[in-house]
There are 2 protein chains.
Amino acid sequence: MEAQKQLLVRSVLDAWNSRIETADKLFSALTDEQLQQEIAPGRNRGVYLLGHLTAVHDKMLPLLDIEEQVYPHLDEPFLNKADKTVPAIPSTKELRENWKTINSKLSTHFSKWSADEWFKKHTAVSEEEFAKEPHRNRINVVVGRTNHMQYHIGQVALLKK
Amino acid sequence: MEAQKQLLVRSVLDAWNSRIETADKLFSALTDEQLQQEIAPGRNRGVYLLGHLTAVHDKMLPLLDIEEQVYPHLDEPFLNKADKTVPAIPSTKELRENWKTINSKLSTHFSKWSADEWFKKHTAVSEEEFAKEPHRNRINVVVGRTNHMQYHIGQVALLKK
């Protein structure tokens, strides 16, 4: 049983790690100019999706009870506002670095948590709710965020020549 | 321990089910004409991605040891060949039905498997390999396919007005 539980955690983590690796390769392969382009006419630019994914992953730090969000200034342009509605956003170079920093922090913690630590509640659920809905745990957050990342990475991939 | 294992299976299944539901809504909201359009200039058409996802999910039936593939004729146009390189593909109406049929078959089995059945090997791995790599199980296939679906659904969503 214990072994199977660890296998399941591993499946979820392998999926996260391999998708982060693919996303890193994709962003590295795209130039700053390519990221300035819209993924389809009238849609989000690549750079917006880079900022959006970075902000969503940054918020995983407090959600998973790791530490405070590192770049709260990304919330306004990349979570609260739509693309091309904010006068100035951080440089692409800065966003690329932020993306790496956040994912590196996450992976450091992910690699050292025991299976039991993965089953702890996330911070957006109260103890009372968690007693009734024990699936609202850390592993569930990572399953959801992996899917979210894939949704947008499939879009960013359209910028490749 | 047993409870936690079931929670993990539930997280993975909830993610699958909710993404299938979202994908169904998206495909239903798009007209046949919209699905004929390219998701971005020069890229795959919506109808190709519908066929591609249907073929990939169809192949999950033998991979998860449920039954034979139902629509093997979808392999050639939607897995082996690129979009717009095959003279004739099935009608969009037919593909919409195939998509529903396959996902319904999968969900029927998913909902009745015990946690232990989820840990059985998938059919693309031998008994010998599985003994060494026990993460190559059914649940791992579903984690991977959920991510694959999200990747393309993020693209199909670009066809929405």
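Begin by selecting B:Lys100 and B:Asp24, whose side chains meet in a salt bridge with 3.6 Å from N to O; a salt bridge here is a side-chain nitrogen of Lys or Arg within 4 Å of a carboxyl oxygen of Asp or Glu. The two residues belong to distant parts of the chain, with B:Lys100 in helix 6 (residues 92-112) of chain B and B:Asp24 in helix 1 of chain B, 76 residues apart. Helices in this tour are DSSP runs (H or I, at least four residues), numbered from the N terminus. B:Lys100 is partly exposed, with a relative accessible area of 45%, whereas B:Asp24 is buried at 19%; buried means under 20% relative accessible area, exposed means over 50%, and partly exposed lies in between (1.4 Å probe, protein chains only). Side chains of opposite charge can pair when their charged atoms come close.

Before you go further, keep in mind that this is a predicted model, in which local features need pLDDT of at least 70 and side-chain atom pairs count only at pLDDT 80 or more, while totals for chains, interfaces and linings use all residues. Residues are numbered from 1 along each chain as its sequence is written, chains are lettered from A and ligands numbered from 1 in the order in which they are written, and side-chain values use heavy atoms, with hydrogens and water left out.

Stay in chain B and select B:Glu67 together with B:Lys105, which form a salt bridge whose closest N and O atoms are 3.2 Å apart. B:Glu67 sits in the loop between helix 4 (60-63) and helix 5 (75-80) of chain B, and B:Lys105 sits in helix 6 of chain B, so this pair ties together parts that are 38 residues apart in sequence. B:Glu67 counts as partly exposed at 30% relative accessibility, and B:Lys105 counts as partly exposed at 26%.

Now move to chain A and select A:Asp75, which is placed in helix 5 of chain A and is buried, with a relative accessible area of 13%. Which residues does A:Asp75 touch, not counting residues up to four places away in sequence? They are A:Lys59, A:Gln69 and A:Asn80, where contact means heavy atoms within 4.5 Å. With A:Lys59, the side chain of A:Asp75 meets in a salt bridge at 2.6 Å, N to O. A:Lys59 lies in the loop between helix 3 (46-58) and helix 4 (60-63) of chain A, 16 residues apart from A:Asp75, and A:Lys59 is partly exposed at 33%. Over all chains, the structure holds 24 salt bridges.

Next select A:Glu117, which lies in helix 7 (residues 115-118) of chain A and is partly exposed, with a relative accessible area of 27%. Leaving aside residues up to four places away in sequence, A:Glu117 touches A:Lys112 and A:Arg138. The side chain of A:Glu117 also reaches the backbone nitrogen of A:Ser114 at 3.0 Å.

Finally, show both chains and turn to the place where they meet. The contact takes 36 residues from chain B and 36 residues from chain A, and the two chains bury about 3,200 Å² between them, 63% of it on carbon and sulfur atoms; buried area is the accessible area (1.4 Å probe) that two parts lose on being put together, summed over both. In chain B, select B:Leu8, B:Asn147 and B:Leu158, which lose the most area to chain A, together 19% of what that side buries. How many salt bridges are counted between chain B and chain A? The count is zero.

To compare the two copies, note that a rotation of 180 degrees with 0.0 Å of shift along its axis superposes chain B on chain A (RMSD 0.0 Å), and this is the relation of a two-fold axis. The superposition is by least squares on the C-alpha atoms of residues with pLDDT of at least 70 in both copies. The copies meet through the same surface, because 100% of the interface residues of chain B are also interface residues in chain A.

Definitions and conventions
Polar contact = N/O pair within 3.5 Å; in protein donor to acceptor, adjacent residues only side chain to side chain.
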